[in-house]
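Visitor: I would like to learn how to read side-chain contacts in a model. Can you take me through them step by step?

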Amino acid sequence: MIRPLLSAAGLCLSLSLPVQALDLESMSEGDRALLRNEIRAYILDNPEIIMEAVAVLEQRQSQEQSQADIDLVKVNAEALFNDPASWVGGNPEGDITLVEFMDYRCSYCRRAHDEVTGLLEKDGNIRFIVKEFPILGDESVLASRFAIATLQVAGDDAYKSVHDALMTYSGAMNETGFSRIADTLGLDANKIISEMNGDAVDKVIADNHALGQRLAISGTPSFVMGDQMLRGYLPQDAMQEIANEIRAN
């Protein structure tokens, strides 16, 4: 007797199996072998279904990851968006907040710097927060210490100037280089450098690393825009599109 069977791949197969074979647990080894052969033959005749299944799986995993990231952002919103130790730029009254975890020695962070700058200038309604997140060695840590100390000693405008300078600086990240940068910008290099190893700077770096760990951030640049995690470099147009989608929703 011919009976249809629904395979695990969602395929309706017509097999010469008895009615009781519909109970997979009670199938004989012969019936199981026949079913496997039919499924295998179908897949070989229609290999595109494998890619379809992979696409469905990837979409499902992406949706699950997106929801997990949204939950992480919600739990850590205060540290992300309202930390008084972090520099705030762009439009402080913007309707969307963009947070960047960055490292001055990261080549992709340097590329992203121009993209973010263009986004902030063109959009005009994005609040931007920088999270110093040095992960690429001692020079990364020193550069972040210098930038954070600048913010604490000389304020927001000085930090912005130092941040931009470090993003394009090609010399060694050491006190000699930092003094040169500070002098060029008209800042008190000695005062800033003297604060680089202070407890207040230690706390900012430690807090940012702890926050990054809670958000499962393992590389730079990493962004949070609204309630979305954006892991990795994105060009300006892609970030603008995401901002537009957030506003539309």
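Visitor: Is Lys131 buried or exposed?

Guide: This is a predicted model. Lys131 is buried, with a relative accessible area of 0%.

Visitor: Which side chain does Lys131 meet in a salt bridge?

Guide: Asp83, at 3.2 Å from N to O. The pair joins distant parts of the chain, 48 residues apart. Lys131 sits in strand 5, and Asp83 in the loop between helix 3 and strand 3. Asp83 is partly exposed, at 23% relative accessible area.

Visitor: How many salt bridges does the structure hold?

Guide: Eight. One of them joins the side chains of Arg231 and Asp69, with 2.8 Å from N to O.

Visitor: Why does the pair of Arg231 and Asp69 tie together separate parts?

Guide: Check where each partner lies. Arg231 belongs to strand 7 (residues 228-231) and Asp69 to helix 2 (residues 48-75), so the pair ties together parts 162 residues apart in sequence. Then check accessibility. Arg231 is partly exposed, at 40%. Asp69 counts as buried, at 6%, because the cut-off for buried is under 20%.

Visitor: What about Arg247 and Asp123?

Guide: They form a salt bridge, with the closest N and O atoms 2.9 Å apart. Arg247 is in helix 10 and Asp123 in helix 4, 124 residues apart. Arg247 is partly exposed, at 32% relative accessibility.

Visitor: Now the rings. How many aromatic pairs does a search of the whole structure find?

Guide: Five. Read the distance between centres, then the angle between planes. Tyr108 and Tyr233 are a tilted pair, 6.1 Å centre to centre with 50° between the planes. Tyr108 is in helix 4, and Tyr233 in the loop between strand 7 and helix 10. Both are partly exposed: Tyr108 at 43%, Tyr233 at 23%.

Visitor: Are Phe146 and Phe178 stacked or tilted?

Guide: Stacked, with 4.6 Å between centres and 5° between the planes. Phe146 lies in helix 5 and Phe178 in helix 7, so this pair ties together parts 32 residues apart in sequence. Phe146 is buried, at 0% relative accessible area. Phe178 is buried, also at 0%.

Visitor: Which residues form one aromatic cluster?

Guide: Trp87, Phe128 and Tyr159.

Visitor: Which residue lies over the face of Tyr233?

Guide: Arg111, at 4.4 Å from the ring centre.

How values were computed. Residues are numbered from 1 along each chain as its sequence is written. This is a predicted model: local features need pLDDT of at least 70, side-chain atom pairs count only at pLDDT 80 or more; totals for chains, interfaces and linings use all residues. Side-chain values use heavy atoms; hydrogens and water are left out. A salt bridge is a side-chain nitrogen of Lys or Arg within 4 Å of a carboxyl oxygen of Asp or Glu. Helices (H or I, at least four residues) and strands (E, at least two) are DSSP runs, numbered from the N terminus. Buried means under 20% relative accessible area, exposed over 50%, partly exposed in between (1.4 Å probe, protein chains only). Rings of Phe, Tyr and Trp (its six-membered ring) pair if their centres lie within 6.5 Å; planes under 30 degrees apart count as stacked, over 60 as edge-to-face and the rest as tilted. A charge sits over a ring if NZ of Lys or CZ of Arg is within 6 Å of the ring centre and within 35 degrees of the ring normal.
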